[in-house]
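Please look at the model below, and ask of each label what value stands behind it. The questions that follow set values against cut-offs.

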Amino acid sequence: MAKNPKYIEIANHFIQKIENEELKENESLDPEEQLCAQFNVSHMTMAKAMNELRAEGYIKRIPGKGTFISGSYKTSFKKPISSRNSITAQIQEAGLESRIELYKYSIIRGKDDPEVAAKLHISDDEFLHFFIRLRYADNNLMAISYTYIVQKVIPTLDIHKLEGSLNKYIKELGIERTDGSTEFCATMPNKENAKILGTDHIPLLKQTIQWNANEKPFELTFHYFIGTKYSITSDLHIIHNKKIVT
């Protein structure tokens, strides 16, 4: 069996101590220089280990004060497989505070992302709104959302509205989603996800959602949920067949 990289071994060392409560919430860690000497590794390796811990909610960094144990790794929520509620509603139903941050917005052409263009049935020269949003629960990053909207369906977007409910905003614009489809799969962070998370090691749960208006596709969203903080649940029902005697 392949051995884990050194930074993963260091991260796992601290995860075990935190989950066993040998290191308690708000307790400070030694300065990075001391940790490098303790584990006999470079600053780069230790920084990668700290990024792993921060991305999974085990530590927090306070500028000018240092690095502290965080309890946010316990923050998670479950989605019933039959739920059609938005991420915001799911977070709120879990008793957590929802926040959305617009990370990136641009106008692109279909030829800039042929796979998306094919799914939305647009030509290479047609335009798409493209934006990335960060989804937080109690200020802990839970998901990264990539959304593409056909510009000829919605010519202009108020980017300030994108830090609120997209479902509500689309309804305000007079667009009625008529039907759609969704798909889940496991994945690892892509280059941009890794940049946001500070690590390319954390597994993600990718949800693809495509929405139609008047039976024509106009919106495509990819949600990347942090795998350690999000799960899907389903109720199982047993139907008892009864033999009828006549």
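Q: How many aromatic pairs does the count come to?
A: In this predicted model, the count comes to five aromatic pairs.

Q: What makes F14 and F39 an aromatic pair, and why is the pair called tilted?
A: The ring centres of F14 and F39 are 5.8 Å apart, and rings pair if their centres lie within 6.5 Å. The planes stand at 55° to each other; because stacked requires under 30 degrees and edge-to-face over 60, the pair counts as tilted. F14 belongs to helix 1 and F39 to helix 2 (residues 32-39), 25 residues apart, and the pair thus links distant parts of the chain.

Q: How do you know whether F14 and F39 are buried or exposed?
A: Buried means under 20% relative accessible area. F14 has a relative accessible area of 5% and is therefore buried, and F39, at 15%, counts as buried as well.

Q: Why is the pair of F130 and Y148 called stacked?
A: The ring centres of F130 and Y148 lie 4.7 Å apart, and their planes meet at 20°, which is under the 30 degrees that stacked requires, so the pair is stacked. Because F130 lies in strand 5 and Y148 in strand 6, the pair ties together parts that are 18 residues apart in sequence.

Q: What makes strand 5 largely enclosed by the rest of the structure?
A: Of the 11 residues of strand 5 (residues 127-137), 10 are buried, so the strand is largely enclosed by the rest of the structure.

Q: How do you know that strand 5 pairs with strand 4 and with strand 6?
A: Two strands pair if there are at least two bridges between them. Strand 4 (residues 98-109) and strand 5 run antiparallel and are joined by 11 bridges, while 10 bridges join strand 5 to strand 6 (residues 140-150), also in antiparallel fashion; both therefore meet the condition. R99 stands opposite Y136 in strand 5, and R135 stands opposite A143 in strand 6.

Q: What makes the charged end of R99 count as sitting over the ring of Y136?
A: The charged end of R99 sits over the ring of Y136, 4.1 Å from its centre, and that distance is within the limit of 6 Å.

Q: Why is the contact of K6 with E9 called a salt bridge?
A: The closest N and O atoms of K6 and E9 are 3.9 Å apart, and the cut-off is within 4 Å, so the contact counts as a salt bridge. K6 and E9 both lie in helix 1 (residues 6-19), three residues apart, about one turn of the helix. At 40% relative accessibility K6 counts as partly exposed, and so does E9 at 27%.

Q: How do you know that K152 is exposed whereas E126 is partly exposed?
A: Exposed means over 50% relative accessible area; K152 has 62% and is therefore exposed, whereas E126, with 22%, is partly exposed. K152 forms a salt bridge with E126, the closest N and O atoms being 3.0 Å apart.

Q: What makes E219 and R177 a salt bridge?
A: The closest N and O atoms of E219 and R177 are 2.8 Å apart, within the 4 Å cut-off, and the pair therefore counts as a salt bridge. Both E219 and R177 are buried.

Conventions. Residues are numbered from 1 along each chain as its sequence is written. This is a predicted model: local features need pLDDT of at least 70, side-chain atom pairs count only at pLDDT 80 or more; totals for chains, interfaces and linings use all residues. Side-chain values use heavy atoms; hydrogens and water are left out. Buried means under 20% relative accessible area, exposed over 50%, partly exposed in between (1.4 Å probe, protein chains only). Helices (H or I, at least four residues) and strands (E, at least two) are DSSP runs, numbered from the N terminus. A salt bridge is a side-chain nitrogen of Lys or Arg within 4 Å of a carboxyl oxygen of Asp or Glu. Rings of Phe, Tyr and Trp (its six-membered ring) pair if their centres lie within 6.5 Å; planes under 30 degrees apart count as stacked, over 60 as edge-to-face and the rest as tilted. A charge sits over a ring if NZ of Lys or CZ of Arg is within 6 Å of the ring centre and within 35 degrees of the ring normal.
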